[in-house]
Amino acid sequence: MFDNFLFNVKYGINHVLDINAYDHVLFLIVLTIPYVFKDWKRVLLLVSIFTLGHTLSLVLAAYNVVSVNGQVVEFLIPITILIVALYNVFTAGKGAQKEKIGILFLTSLFFGLVHGLGFAREFKMLLGATDNKLVLLLEFALGIELAQVIIVFIVLFLSYVVQTIFRFTKRDWIMIISAIVVGLVIPMLLNSDFLA
């Protein structure tokens, strides 16, 4: 029982930290980069809303409520990353990330749904013929959340070091990282099977 729990949590952690599927990490980077440590509650809320969307779409897929064309989803995932990165570029230094529950929270939820659908096929294989789908989903979601908190902490820590020790302005740091992510995402879009 406990071994299953650990396996499912670890599977969730590995899903986020998989170096071959770094789209999840890129999304977390662009979501987190505008913030500093004192904003940790807001960042945690954004990331948790993303996890909620991700888990919700897995639940819908696991119970065969939704079925989406994999090529479309694999094209939409880099689009979500690109949108957040460009949002950062155009709003860097303008305090747009400080809004109340607004566009960022809704987009985090929606983008979580999209990212979850991207993983639905693989997750269905993990589920196999298990009777306890919901427990497995929750354990997997816990693993995802733990991995995301690790990534968020690393991004916040690097932001602190770069802005404090290397004296980058917050605006420049956001612009540089977001631009790098845009550069990484464009080839993902161009190589998408959806465009082939």
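Rings of Phe, Tyr and Trp, with the six-membered ring used for Trp, pair if their centres lie within 6.5 Å. By this rule the predicted model holds 15 aromatic pairs. The structure also has one salt bridge, and K133 lies over the face of Y63.

**Aromatic pairs**
- F123 and F140 form a tilted pair, with 5.0 Å from centre to centre and 45 degrees between the planes.
- This pair links distant parts of the chain, 17 residues apart.
- F123 sits in helix α5 (residues 103-127), and F140 sits in helix α6 (residues 133-164).
- Both F123 and F140 are buried.
- F168 has a relative accessible area of 34%, so F168 counts as partly exposed.
- W173 is buried, because its relative accessible area is 11%, under the 20% cut-off.

**Ring cluster**
- Ring pairs join F7, Y11, F119, F123 and F140 into a cluster.
- F123 and F140, the tilted pair, are thus both members of this cluster.

**Charged side chains**
- Side chains of opposite charge can pair when their charged atoms come close.
- Here the side chains of R171 and D172 meet in a salt bridge, at 3.7 Å from N to O.
- R171 is partly exposed, with a relative accessible area of 43%.
- D172 is also partly exposed, at 34% relative accessibility.
- K133 lies 5.1 Å from the ring centre of Y63, over the face of the ring.

Key: Residues numbered from 1 in each chain as written. Predicted model: local features only at pLDDT ≥ 70, side-chain atom pairs only at ≥ 80, totals over all residues. Heavy atoms only, no water. Salt bridge = Lys/Arg side-chain N within 4 Å of Asp/Glu carboxyl O. Buried < 20%, exposed > 50% of the residue type's maximum accessible area, 1.4 Å probe, protein only. Phe/Tyr/Trp six-rings, centres within 6.5 Å; stacked < 30°, edge-to-face > 60°. Helix = DSSP H or I, 4+ residues; strand = E, 2+ residues; numbered from the N terminus. Lys NZ or Arg CZ within 6 Å of the ring centre and 35° of its normal.
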